[in-house]
Amino acid sequence: SGSFFEKRDMMLTLVFLRFIGEKYDDGIQSLKEKLVAEGFDPEDENIVAAFFDDATFIDGTYNLPLEARWSTIINTTAPKLNVTLDSALHSLATNSKDLKGCFVEGTFTTRNLAPNDIKKLVDEVNKISHKAFGDEKDLIGRVYEYFLKEFAVNATKEEGEFYTPHDVVQLIAAMIEPFDGTLYDEAVA
């Protein structure tokens, strides 16, 4: 239950956790490959302690605490998922000055979502990847569009959010903002 806007905020929060989790995993993989190339064993406990326990990533990827990693979330059983998600958000908010105050406490636990429903949402979010969106400049815009298409079918007119397919948006944009030539306006003609 809940309004479309509450559902949207919840979905975008899940997408955020998914994307930072995926970037973290990419960072760890890249770090492992660099260590192997330098002749180190990334599984060696001394190497793990030196490089991975407090990993820093040149590209600005957050070093995620265990409870905030997507691998932790996706491997959590349905009945514990709401608590795990709120623990992830709490951990991020307390461990990062940039994210302090960004999340509503109890985002998932206060909504009383049925365990299977939240598990379905998490599984759905798990299917999307930042790689699938390529070098898309407006990544959040495209993800938002994706979820409008997938989940806003039942939104009421009063909520004021409607999905317009991306290709149609591109066509409209091309028509109202031509790069060259003249746009015919019959009101002026």
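Predicted model: local features only at pLDDT ≥ 70, side-chain atom pairs only at ≥ 80, totals over all residues.
Local features required pLDDT of at least 70, side-chain atom pairs counted only at pLDDT 80 or more, and totals for chains, interfaces and linings used all residues. Residues are numbered from 1 along each chain as its sequence is written, and side-chain values rest on heavy atoms, with hydrogens and water left out.

Side chains of opposite charge can pair when their charged atoms come close. A search of the whole structure returned 3 salt bridges (a side-chain nitrogen of Lys or Arg within 4 Å of a carboxyl oxygen of Asp or Glu). Helices are DSSP runs of H or I with at least four residues, numbered from the N terminus.

Accessibility was classed by relative accessible area: buried under 20%, exposed over 50%, partly exposed in between (1.4 Å probe, protein chains only). Glu-22 is buried at 7%. Arg-18 is also buried, at 10%.

Another salt bridge pairs Lys-32 with Glu-43, at 3.9 Å from N to O. This pair links distant parts of the chain, 11 residues apart. Lys-32 belongs to helix α1, whereas Glu-43 lies in the loop between α1 and α2 (45-52). Lys-32 is partly exposed, with a relative accessible area of 27%. Glu-43 is exposed, at 58%.

A further salt bridge connects Glu-124 and Lys-127, whose closest N and O atoms are 3.3 Å apart. The two residues are 3 positions apart in helix α5 (residues 115-127), so about one helical turn separates them. Lys-127 is exposed, with 62% relative accessibility.

The largest nonpolar core contains 33 residues. Such a core is a set of buried Ala, Val, Leu, Ile, Met, Phe, Trp, Tyr and Cys residues joined through side-chain atoms within 4.5 Å. Helices α1, α2, α3 (70-74), α4 (81-95) and α5 each give two or more residues to this core. The most comes from α1, with 11 residues. Leu-85 and Val-122 have the most contacts inside the core. Contact here means heavy atoms within 4.5 Å. Leaving aside residues up to four places away in sequence, Val-122 touches Leu-14, Trp-70, Ile-73, Ile-74, Leu-81 and Leu-85.
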